[in-house]
Amino acid sequence: MTFQALKQTNQKLCQNPELSEHNKEVLNNYFRYKKTSVGGSHLKDMASRFNSLAELIDFPLDDPEKKDVEKLIGAINHDELKKANGDTYSEYSK
């Protein structure tokens with residue numbers, strides 16, 4: 001399946017093997033919707049963050065359970081998520 005809005009926003013995210021096809025479809029719909037209200041740089045920033053989070057997202061984005069969200073937030077707060085260069089995210093970015 002081709003995810004045009006997702007592909008146009010971030011090719012790497014569109015091809016990310018750590019995201020399920022279902023979650024790619026959810027993100028594609030989200031980016032298609034958001035294109036009407038935010039600029040391209042904002043969309044690219046959000047896509048980049050989803051690329052970083054992909055390894056932690058093993059649940060359906062459109063129907064997460066409370067424990068899934070708590071696990072994701074815990075990983076972010078405890079610096080388990082790193083930038084591509086190995087640095088941790090600032091408190092503001094978290």
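Contact is taken here to mean heavy atoms within 4.5 Å, and helices (H or I, at least four residues) are DSSP runs numbered from the N terminus. The structure is a predicted model, in which local features need pLDDT of at least 70 and side-chain atom pairs count only at pLDDT 80 or more, while totals for chains, interfaces and linings use all residues. Residues are numbered from 1 along each chain as its sequence is written, and side-chain values use heavy atoms, with hydrogens and water left out.

Leu 27, Tyr 30, Phe 31 and Lys 34 of helix 3 meet Leu 43, Met 46, Ala 47 and Phe 50 of helix 4. By class, this contact has 7 nonpolar residues, no polar ones and 1 charged (Ala, Val, Leu, Ile, Met, Phe, Trp, Tyr, Cys and Pro count as nonpolar, Asp, Glu, Lys and Arg as charged, and the others, Gly among them, as polar). The axes of helix 3 (residues 21–34) and helix 4 (residues 40–53) come within 11 Å and cross at roughly 160°; axes are lines fitted to C-alpha atoms, for helices over the stretch in contact, and angles run from 0 to 180 degrees between N-to-C directions. Helix 3 is therefore roughly antiparallel to helix 4 (angles under 35 degrees count as roughly parallel, over 145 as roughly antiparallel, 65 to 115 as roughly perpendicular and the rest as oblique).

Phe 31 is buried, with a relative accessible area of 0%, whereas Tyr 30 is partly exposed at 33% (buried means under 20% relative accessible area, exposed over 50%, partly exposed in between, with a 1.4 Å probe and protein chains only).

Asn 23, likewise in helix 3, is buried at 2% relative accessibility. Leaving aside neighbours within four places in sequence, Asn 23 is in contact with Ile 57, Phe 59, Pro 60 and Leu 61. The C-alpha atom of Ile 57 is in turn 9.5 Å from that of Lys 71, 14 residues apart along the chain. Lys 71 is found in helix 5 (residues 66–77) and is exposed at 54% relative accessibility.

How values were computed
Helices (H or I, at least four residues) and strands (E, at least two) are DSSP runs, numbered from the N terminus.
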